[in-house]
Amino acid sequence: MLEWTTVVPAFLTAAVEWVEAFTIVLAVSLSIGWRAASGAALAALALLAAMTAATGGVLGLGLDIRWLQLVIGVFLLLFGMRWLAKAVARGAGLKALHDEAQEFADTRALLARGDWMASWLIAFKGVLLEGLEVWLVVVAFGLHGRAWVSSTAGAMAALLAVVATGLVVQAPLRRVPENAIKFAVGS
């Protein structure tokens, strides 16, 4: 049974990160093709899945996890504060709103100067780094019994929704209310 109080925040948090990862993969795909860019993304997702499975396995052993709760809690506090600070600064007009179209253009310009392997690594790194934030959220919510399944389901649903939308649109996902989501999740 899914716990919706875990699924929804995991979904929203993961969706923001997956949109950023998709923008990078889309830009790389225009440089080295969809097959190679997708391969880099899948390699990063496989590594993240292995990390998630290993973490879930450790949590399932019933070991003393207070140290893990502390470490994950500190990272989540740092990410949450960063998200909240950015959302407040953007809402106040002190910082420009996150622009997926500009990130897309910047990534394409960077790729134009590089080679195939560098482009592949950019896609891999983009998915891995954005996915690490998702992994932290999944693990943090998963530290509480059955919430492990709910947090993973929320993150996976967000990944599928972003990829499906992105493949249909085949453009940077500019209309995602990223600042509003970050403000809500960071609060």
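Accessible areas here come from the Shrake-Rupley method with a 1.4 Å probe, and for residues only the protein chains shown count as cover. I looked up the accessible surface of the protein, which comes to about 10,000 Å², with 71% of that belonging to carbon and sulfur atoms.

I noted that this is a predicted model, in which local features need pLDDT of at least 70, side-chain atom pairs count only at pLDDT 80 or more, and totals for chains, interfaces and linings use all residues. Residues are numbered from 1 along each chain as its sequence is written, and side-chain values use heavy atoms, with hydrogens and water left out.

I next recorded the fold: the protein has seven helices and zero strands (DSSP runs, H or I of at least four residues for helices, E of at least two for strands, numbered from the N terminus). Of the 187 residues, 43% are buried (under 20% relative accessible area, 1.4 Å probe, protein chains only).

I then examined serine 29, which lies in helix H1 (residues 4-32). Serine 29 counts as buried because its relative accessibility is 6%. Beyond its neighbours within four places in sequence, serine 29 is in contact with Trp34 and Ala37 (heavy atoms within 4.5 Å).

Finally, I turned to helices H5 (residues 116-142) and H6 (residues 147-169), whose axes come within 7 Å and cross at roughly 155° (axes are lines fitted to C-alpha atoms over the stretch in contact, with angles from 0 to 180 degrees between N-to-C directions). H5 and H6 are therefore roughly antiparallel to each other (angles over 145 degrees). Val134, Val138, Val139, Phe141 and Gly142 in H5 meet Ala147, Trp148, Ser151, Thr152 and Ala155 in H6.

Notes:
Angles under 35 degrees count as roughly parallel, over 145 as roughly antiparallel, 65 to 115 as roughly perpendicular and the rest as oblique. Buried means under 20% relative accessible area, exposed over 50%, partly exposed in between (1.4 Å probe, protein chains only).
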